[in-house]
Amino acid sequence: MMPDPTPAADSISPAPRKRPKPGERRVQILQTLAAMLEQPGAERITTAALAARLGVSEAALYRHFAGKAQMFEGLIEFIESSVFGLINHINERETDGRVQTQRIVQMLLQFGEKNPGMVRVMVGDALVFEDERLMQRMTQFLDRIEAQLRQSLRLIGPDGTGEPVPAAEVSGRASVLVAFALGRLQRYARSGFKRLPTEQLDLALALLT
């Protein structure tokens, strides 16, 4: 039997909007901000534009975040927890220093490739006109990556043996690897996310490590 083409009026009235669960709206705001950052050539994102994308008022945003800086801090916390959690996993699984080093750089670039909106935060492009402490925090993030690479590089001898590597060489190699990763992420962002940061990565890592 065909359904009645003229259903009762109460059956087509809009369903009441469900109230988000605690914390759900906060996550939704951060996901939307990250999605807006993924747009190639995106300008500085305002709270008005973010609220419009979400279909809420700016006042609704401020019920969950004190300001836009706190929203970016939420994205940075996601980056930090994700990346350093993966580094811990790599270190637990790999004991070879060279493999550790290569896996860490590879993971960092793969994370950026899968999260293009986060890349603009990682390289600082999205933070230029925001609170200075956000840029400082991302600088600290890169410093922690470099410190972890130094730790892994210490496990490799100059000729591939287990003999200690001179401290100056360790520092120099770790610095070069971070600069390489940052350069690849910057190129990815500034190409409109077309030049993948992982292209020819095996060859590059073989040369650098």
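The dialogue below takes up the model, its salt bridges, its nonpolar core and one annotated span.

Biologist: What kind of model is this?

Modeller: This is a predicted model, in which local features need pLDDT of at least 70 and side-chain atom pairs count only at pLDDT 80 or more, while totals for chains, interfaces and linings use all residues. Residues are numbered from 1 along each chain as its sequence is written, and side-chain values use heavy atoms, with hydrogens and water left out.

Biologist: How many salt bridges does the structure hold?

Modeller: Side chains of opposite charge can pair when their charged atoms come close. A salt bridge here is a side-chain nitrogen of Lys or Arg within 4 Å of a carboxyl oxygen of Asp or Glu. The structure holds 11 of them. One of these joins the side chains of Glu80 and Arg137, at 2.8 Å from N to O. That pair links distant parts of the chain, with Glu80 in helix 4 (residues 68–93) and Arg137 in helix 7 (residues 132–153), 57 residues apart. Helices are DSSP runs of H or I with at least four residues, and strands are runs of E with at least two, numbered from the N terminus.

Biologist: Is Glu80 buried or exposed?

Modeller: Buried means under 20% relative accessible area, exposed means over 50%, and partly exposed lies in between (1.4 Å probe, protein chains only). Glu80 is buried, at 15%, whereas Arg137 is partly exposed, at 22%.

Biologist: Which side chain meets that of Asp125 in a salt bridge?

Modeller: The partner is Arg190, at 2.9 Å from N to O. Asp125 lies in the loop between helix 6 (116–122) and helix 7, and Arg190 in helix 8 (residues 167–190), so the pair ties together parts 65 residues apart in sequence. Asp125 is partly exposed at 24% relative accessibility, and Arg190 is exposed at 57%.

Biologist: Which residues have the most contacts inside the largest nonpolar core?

Modeller: A nonpolar core is a set of buried Ala, Val, Leu, Ile, Met, Phe, Trp, Tyr and Cys residues joined through side-chain atoms within 4.5 Å. The largest has 57 residues, and those with the most contacts inside it are Phe72, Leu75, Val83, Val121, Phe141 and Ile145. Helix 4 gives the most to this core, with 10 residues.

Biologist: Which residues does UniProt list for "DNA-binding region"?

Modeller: The unreviewed entry lists residues 46–65. UniProt positions follow the numbering used here, feature names are shortened, and annotations may be inferred rather than shown by experiment. In the model, that span is 65% helix and 0% strand, and its end C-alpha atoms lie 14 Å apart.
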